[in-house]
Amino acid sequence: MSLRTFILGLSASFGAAWLAVVVLPYLAMRDTAPLPDPQATDSAGVFFPKRTGRVADGAIIYAANGCYLCHTQIVRPTYAGNDLYRPDWGGLKEDPNRGDTRRETNAYDFTGETFAQIGLNRIGPDLSNLGRRLEAAQATNGDPVKWLYAHLYMPRGNPERWNSTCPPHPFLFEKREIKGNPSADSLPFNAGTGREIVPVSDAKALVSYLLSLKKDHPVPAALNFTPVKKDSDG
Amino acid sequence: MSSITHTSPDQDALLRAGIDRSLRHPVMFFLTSGAAWLAVSILLGVIASAKVHSPGFLASCPLLAYGRVFPAHVNALIYGWGMQAAFAMILWLMARLSRKECTMVGAILTAGHVWNLGVGLGVAGILLGHGTGIPWMEFPSFAWPVLLVSYFAIIIGAFIQFRVRPEGHAYISQWYLLAAMIWFPWIYITANTLLHCVPGHPLMGAGINAWFRSAMLFLFFTPVALGAAYYLAPKVTGRPVFSYSLAKFGFWSLAVIAPWAGMQKLVGAPIPYFLPYVGAAATALLFVPAIAAAFNTLRTMLSCPDTLAASPALRFTTAGITGLLVLAVCAVLLNLPGSSLRLTQFSLSGYGFEILALYGFFTLVMFGAAYFIVPRVTLREWLSRRLIKIHFLFSVYGIITVALVALFGGLQQGMGQEDWQQPWAGAAARAYPYAVAMTFAWCLILFSNCFFFIHLALMWLRLGRRSSHPTLLVRSHGASVHGEEGDIDNAGTGHAAAH
């Protein structure tokens with residue numbers, strides 16, 4: 001077999017797969033068509049999941065500190081896993097206003113990000129709806145932002161999470177002298193007299209990003225795979 | 001190999017000695033700096049692994065945060081050790097099999113330094129918090145063009161050697177190596193340009209990344225290791241490859257199946273539905289080329305049980321090929337959509353599978369090849385059979401632990417995750433003992449490789465034994481096939497025929 005035949009053989013065997021599973025799907029998904037959504041009143045009848053917060057720069061901090069190693073951001077359909085059954089992963093089972101908001105992740109959920117952090121492992125829980133989950137949990141007498149700051153600073157500082165395996169990120173915070181009034185963001189950890197622990201810019205971006213994770217917006221009919229509930233199902 | 005040549009044994013030996021001499025510094029440079037990166041990577045791996053179960057360990061240092069140490073560990077393993085070991089293999093095997101001396105030593109060594117600089121800056125970038133967050137591609141985006149250009153500079157000579165080789169025949173090793181040399185830039189350029197230069201859908205980006213990781217394993221590291229195994233098995237035993245048609249079948253089935261694999265990691269993600277299923281099918285089908293190559297090389301090696309017992313090169317290669325078999329079984333068992341894939345998709349078995357491929361198969365075969373090649377290029381014999389035995393035993397114990405974690409840890413963890421009626425902490429608790437086992441495995445591997453690195457560095461410094469007797473794992477009784485014990489430098493060229 002000559003070198004030319006060999007390279008042609010390789011190009012054919014590799015190139016077919018390369019085109020079929022890499023290049024063509026990539027190009028096709030680059031031009032994902034806008035999805036008509038008659039119920040969307042504020043976005044000209046097009047499905048557009050809005051995200052608020054520092055999504056782009058928070059995603060960079062999320063990536064650079066390897067959150068994706070232990071946390072996923074995907075709620076799989078039931079054929080691929082039981083993620084949807086958990087009461088607060090795909091949305092909320094009992095949202096005070098909307099009822100059961102749980103749904104699987106769709107292709108429009110990563111608006112504003114350049115790389116979907118699907119994640120490698122689930123040492124920690126899925127974060128697709130972290131913002132929604134935290135706001136619900138802290139709704140009565142808490143502050144989701146402060147909860148996240150404290151969690152990022154020292155995950156085991158929370159007595160309910162004494163055996164958390166989430167790594168602490170003290171480098172996203174700084175200790176400083178209190179000048180005048182203490183900062184509104186200061187953490188409930190002892191930093192010594194006259195001192196306080198406050199988040200630096202990276203931590204603020206990351207927390208803003210994490211709270212923007214609310215992937216349970218109502219979807220148009222074309223994306224709605226929720227089985228229709230009969231009255232007899234209760 | 002010598003059956004096809006028309007030169008006398010002496011001329012043949014002179015040619016081989018010339019090739020070995022011309023490649024002494026490139027081969028030793030890539031092996032030694034690769035081994036140094038391996039040590040760095042394993043050390044980072046021990047730290048990262050310990051943090052999975054003990055998050056307080058070294059927590060005060062931002063450089064050593066888990067989310068930075070782990071990617072640094074994986075990238076150092078792939079680009080620092082894996083790629084450089086592969087360079088050493090490709091350069092030496094291609095020169096020997098094409099029967100051409102290396103004439104580009106200066107360019108190769110320069111490019112090798114640039115490669116190491118790129119890897120060093122990339123790892124530093126990750127540790128300083130500038131990682132891209134794209135698995136296996138975490139180096140800051142300045143690094144990939146540097147690595148790509150130095151790759152071409154390192155490898156182009158081997159390609160030209162193959163093109164101008166005197167004989168028309170190509171060995172199966174050359175097929176594998178040549179294919180790896182062509183596949184790597186294709187895969188690497190595709191993944192990096194699509195993810196860094198042509199912004200697309202973020203989810204498809206994740207799909208490309210999953211494909212990239214699988215393709216690096218099965219279209220670069222696998223063919224390089226198989227190329228080395230297909231060289232060592234017949235060379236050391238002195239028997240022909242068991243079946244040449246089986247070898248061809250194994251090669252082309254790998255070439256046809258492996259490019260489709262990888263995207264099963266995205267099953268359930270909103271990408272085109274066929275992609276994860278094609279990926280799962282292809283990954284399971286990789287069993288076929290793996291069995292073909294493993295059966296063929298193992299049959300060849302087992303034809304000479306005495307040599308197999310005595311030769312460090314063959315012992316490591318056998319262990320590596322056994323690793324390939326385990327890997328093939330794992331590829332089937334862990335990737336069945338609807339049953340095991342939902343359990344293992346986001347579990348320890350992803351990492352375990354990768355380490356099994358990178359260390360349990362690729363690295364062990366590279367060690368085997370290094371034990372064969374280094375004495376030839378340095379004209380010194382390995383210092384101690386005991387060091388080799390320690391290296392072998394602890395590597396194998398370590399990788400067996402990794403394999404167990406990959407198989408059982410991943411499934412256990414997945415069962416905890418799927419049990420949605422229980423709180424999430426249950427899944428974490430199930431993974432805990434396996435995370436501890438992973439740290440234990442890395443400690444064993446670290447211990448074993450300290451010995452390898454010291455041994456290798458001494459060999460490059462030409463402090464090896466000056467002897468015409470190779471270092472074998474069993475002490476031979478009676479007359480040695482290598483004749484009287486003597487000083488290799490005074491043995492003359494005729495004795496080089498023993499190599």
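Student: In this predicted model, how are α4(A) and α5(A) oriented to each other?

Tutor: Happy to start there. The axes of helix α4 (residues 144-153) of chain A and α5(A) cross at roughly 120° and come within 10 Å. Angles of 65 to 115 degrees would count as roughly perpendicular, and those over 145 as roughly antiparallel. The two helices α4(A) and α5(A) are therefore oblique.

Student: Is the crossing of α4(A) and α5(A) left-handed or right-handed, and which residues of α5(A) make the contact?

Tutor: α4(A) passes α5(A) in a right-handed crossing. On the α4(A) side, the contact uses A:P144, A:V145, A:L148, A:Y149 and A:L152. By class, the residues of this contact of α4(A) with α5(A) are nine nonpolar, no polar and no charged. The α5(A) side is made by A:A203, A:V207, A:L210 and A:L211.

Student: Which helix of chain A has the highest confidence?

Tutor: For chain A, the mean pLDDT is 89, and 97% of the residues reach 70 or more. Confidence is lowest in helix α3 (residues 130-137) of chain A, with a mean of 92. The highest value in chain A, 95, belongs to helix α5 (residues 201-211).

Student: Let's go to chain B. How are α7(B) and α10(B) oriented to each other?

Tutor: Helix α7 (residues 202-237) of chain B and helix α10 (residues 287-302) of chain B have axes 8 Å apart and pack at an angle of about 20°. Angles under 35 degrees count as roughly parallel. So α7(B) and α10(B) are roughly parallel.

Student: What is the handedness of the α7(B) and α10(B) crossing, and how many nonpolar residues does the contact have?

Tutor: The crossing of α7(B) and α10(B) is left-handed. Helix α7(B) contributes B:L226, B:A229, B:Y230, B:A233, B:P234 and B:T237, while α10(B) contributes B:A293, B:T297, B:T300 and B:M301. In this contact of α7(B) with α10(B), there are three polar and no charged residues, and the nonpolar ones number seven.

Student: Which residues of α6(B) take part in the contact with α3(B)?

Tutor: The crossing of α3(B) and α6(B) is left-handed. From α3(B), the contact is made by B:I90, B:L93, B:M94 and B:L97. The residues of this contact of α3(B) with α6(B) divide into six nonpolar, two polar and no charged. Those from α6(B) are B:S173, B:Q174, B:L177 and B:M181.

Student: Is B:L58 buried, exposed or partly exposed?

Tutor: B:L58 sits in the loop between α2 (24-53) and α3 (66-98) of chain B. Its phi is near 55°, a positive value in a residue other than glycine. Most residues other than glycine have a negative phi. Because B:L58 has 16 C-beta neighbours inside 10 Å, this residue counts as partly exposed.

Student: And where is B:L379 found?

Tutor: B:L379 has a positive phi of about 55°, although it is not a glycine. With 18 C-beta neighbours inside 10 Å, B:L379 counts as partly exposed. Its place in chain B is the loop between α14 (348-378) and α15 (385-418).

Student: How many charged residues does chain B have on the side that touches chain A?

Tutor: In the contact between the chains, 65 residues of chain B meet 55 residues of chain A. On the chain B side, 44 are nonpolar and 16 polar, and the charged ones number five.

Key
Residues numbered from 1 in each chain as written. Chains lettered and ligands numbered in written order. Predicted model: local features only at pLDDT ≥ 70, side-chain atom pairs only at ≥ 80, totals over all residues. Axes fitted to C-alpha atoms, helices over the stretch in contact; angles between N-to-C directions. Helix = DSSP H or I, 4+ residues; strand = E, 2+ residues; numbered from the N terminus. Left-handed = near helix turned anticlockwise from the far one by under 90°. Contact = placed C-beta atoms within 7 Å. Nonpolar A, V, L, I, M, F, W, Y, C, P; charged D, E, K, R; others polar. Buried ≥ 20, exposed ≤ 12 C-beta atoms within 10 Å, placed from the backbone. pLDDT = per-residue confidence, 0-100.
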